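Trainee: Before I use this model, I want to check the terms applied to it. Can we go through them one by one?

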Amino acid sequence: MDARLKRLMFRAHHMGSNENDILFGGFADKYLAGLNAEQVDRFEALLAETDTDLFNWVTAKEPAPERLDHDVMRMLVAYVQNEAAPI
């Protein structure tokens with residue numbers, strides 16, 4: 001795994017809230033290595049958003065803003081709904 005993916009993996013597991021650490025870390029463990037370069041860019045951009053917003057978006061408590069309504073967000077939402085342990 002290259003340095004950028006290692007850094008993103010670390011960030012996904014250390015986001016600030018335990019819930020997001022579990023959700024985003026689990027997603028990264030399962031899918032990060034298989035993302036293409038553009039998807040990695042989108043995942044990295046998501047990690048720059050606030051923890052509260054991310055949690056609300058991936059748990060479908062609130063819709064994601066249009067600028068973030070893309071394939072990686074949809075993958076995260078599907079992961080949270082279908083694969084992640086309930087939080």
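**Burial, exposure and the core**

Mentor: Start with H4. Its buried residues are Asp-51, Leu-54, Phe-55, Asn-56, Trp-57 and Val-58. Keep in mind that this is a predicted model.

Trainee: Why is helix H4 called largely enclosed?

Mentor: Buried means under 20% relative accessible area. Six of the eight residues in H4 (residues 51–58) are buried, so the rest of the structure largely encloses this helix.

Trainee: What do the buried residues of H4 pack against?

Mentor: They pack against H2, H3 and helix H5 (71–82). Just after H4 comes Ala-60, with a positive phi of about 60°.

Trainee: Why is Gly-34 called exposed?

Mentor: Exposed means over 50% relative accessible area. Gly-34 has 68%, so Gly-34 is exposed. Gly-34 sits in the loop between helix H2 (18–31) and helix H3 (37–47).

Trainee: Which residues have the most contacts inside the largest nonpolar core?

Mentor: Phe-24, Leu-32, Phe-43 and Leu-76 do, in a core of 27 residues. Helix H1 (3–13), H2, H3, H4 and H5 each supply at least two residues of this core. H5 gives the largest share, six residues.

Trainee: Which residues does Phe-43 contact, leaving aside neighbours within four places in sequence?

Mentor: Contact means heavy atoms within 4.5 Å. On that basis, Phe-43 is in contact with Ala-12, Phe-24, Phe-27, Ala-28, Leu-32, Leu-35, Val-72 and Leu-76.

Terms used
Residues numbered from 1 in each chain as written. Predicted model: local features only at pLDDT ≥ 70, side-chain atom pairs only at ≥ 80, totals over all residues. Heavy atoms only, no water. Helix = DSSP H or I, 4+ residues; strand = E, 2+ residues; numbered from the N terminus. Buried < 20%, exposed > 50% of the residue type's maximum accessible area, 1.4 Å probe, protein only. Core = buried A, V, L, I, M, F, W, Y, C linked by side-chain atoms within 4.5 Å.
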